[in-house]
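This report describes the fold, the packing and selected residues of one protein chain. The sequence and the model are shown first, and the description follows.

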Amino acid sequence: MTNLEEEKIEAIQNFLSASRKLKELGIINNKRDFTSQLGEWLISEMYGATLADNGKQQDWDMQLDGKFIQVKTHSKANTTSRSETDFKYSDNAKIDVFIIVVFTEDYILKEIFEIPWKLAIQLKTKDTKTPVITWSKIPKDCRINLEEKFESNKLLRFFIRN
């Protein structure tokens, strides 16, 4: 066996071990969509919200003080210019707050948008095949100040490392 093959085996073993540990710790619940699960976990930690038991819960991902929260998460490669989130929800969906989490490809947190549901409906495009919310059209007061929000939480500060 070559050194490269051994490196690959070790990397795969490390990945599988890390996946098992992340599941044990409740950060992910399956191996399907790591990015979405990481974003949902991050937001639940940030607010102290309760994640839905079912990952396929219709409309919402978590609850906080009786409010239903939907989280959409992106991990963007440096070469990707798309800056919008698909918005495939009916206007009367069971959602109170629509949150968009944007990571770099290395999972450094770039942006969190917290949008009240009624505003999210107004922001969605109506003239495209798939409705989207364009990030540049989201009002500044819907952008979370990451430094301020994560100031006292060492675990969450990890995601805004420089």
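## Overall architecture

The protein chain has five helices and seven strands, where helices (H or I, at least four residues) and strands (E, at least two) are DSSP runs numbered from the N terminus. The model is predicted: local features need pLDDT of at least 70 and side-chain atom pairs count only at pLDDT 80 or more, while totals for chains, interfaces and linings use all residues. Residues are numbered from 1 along each chain as its sequence is written, and side-chain values use heavy atoms, with hydrogens and water left out.

Along the sequence, the elements follow the pattern α-α-β-β-β-β-β-β-α-β-α-α. The C-alpha atoms fill a box of roughly 60 × 35 × 30 Å, taken along the principal axes. Of the 162 residues, 38% count as buried; buried means under 20% relative accessible area, exposed over 50%, and partly exposed in between (1.4 Å probe, protein chains only). Among contacts (heavy atoms within 4.5 Å) between residues at least 6 apart in sequence, 57% join residues at least 24 apart.

## The sheet and the helix across it

Five strands form an open sheet with mixed pairing, in the order E1-E2-E3-E5-E6. Strand E1 (50-51) and strand E6 (109-116) stand at the edges with a single partner strand each, so one side of each has no neighbour in the sheet. Two strands pair if DSSP finds at least two bridges between them. Strands of a sheet pair through backbone hydrogen bonds, either parallel or antiparallel.

E1 pairs with strand E2 (residues 62-64) in the antiparallel sense over two bridges, and the bridge partner of leucine 51 in E2 is methionine 62. E5 and E6 are also antiparallel, over seven bridges, and valine 101 stands opposite isoleucine 112 in E6. The hairpin of E5 and E6 has four residues between the strands, and tyrosine 107 there takes a positive phi near 65 degrees.

Helix H2 (residues 34-47) lies across E1, E2, strand E3 (67-76), strand E5 (97-104) and E6, running at about 130 degrees to E3. Axes are lines fitted to C-alpha atoms, for helices over the stretch in contact, and angles run from 0 to 180 degrees between N-to-C directions.

## Nonpolar cores

A nonpolar core is a set of buried Ala, Val, Leu, Ile, Met, Phe, Trp, Tyr and Cys residues joined through side-chain atoms within 4.5 Å. The largest holds 23 residues, of which Leu42, Ile43, Ile99, Val101, Leu109, Ile112 and Phe150 touch the most other members. H2, E3, E5, E6 and helix H4 (146-150) each give two or more residues to this core, and the largest share, five residues, comes from H2. Another core of 17 residues lies apart from it, with Ile95, Phe98, Val102 and Leu123 among its members.

Isoleucine 43 lies in helix H2. Phenylalanine 150, leaving aside its neighbours within four places in sequence, is in contact with Met46, Leu109, Ile112, Leu156, Arg157 and Ile160.

| Residue | Element | Relative accessible area | Contacts |
|---|---|---|---|
| Isoleucine 43 | Helix H2 | 0% | Met62, Val71, Ile99, Val101 and Ile112 |
| Threonine 73 | Strand E3 | 11% | Thr35, Ser36, Gly39, Glu40, Val101 and Phe103 |
| Threonine 85 | Strand E4 (residues 84-86) | 1% | Lys72, His74, Phe98, Ile100, Pro131, Val132, Ile133 and Trp135 |

The side chain of threonine 85 also makes a polar contact with the side chain of histidine 74 (2.7 Å). A polar contact is a pair of N or O atoms within 3.5 Å; within protein, one must be able to donate a hydrogen and the other to accept it, and residues adjacent in sequence count only if both atoms are side-chain atoms.

## Aromatic pairs

The structure holds 13 aromatic pairs. Rings of Phe, Tyr and Trp (its six-membered ring) pair if their centres lie within 6.5 Å; planes under 30 degrees apart count as stacked, over 60 as edge-to-face and the rest as tilted. Phenylalanine 98 and tryptophan 117 form a tilted pair, 6.3 Å centre to centre with 55 degrees between the planes. This pair links distant parts of the chain, with phenylalanine 98 in strand E5 and tryptophan 117 in helix H3 (residues 117-123), 19 residues apart. Both phenylalanine 98 and tryptophan 117 are buried. Ring pairs also link Phe34, Trp41, Phe103, Tyr107, Phe158 and Phe159 into a cluster.
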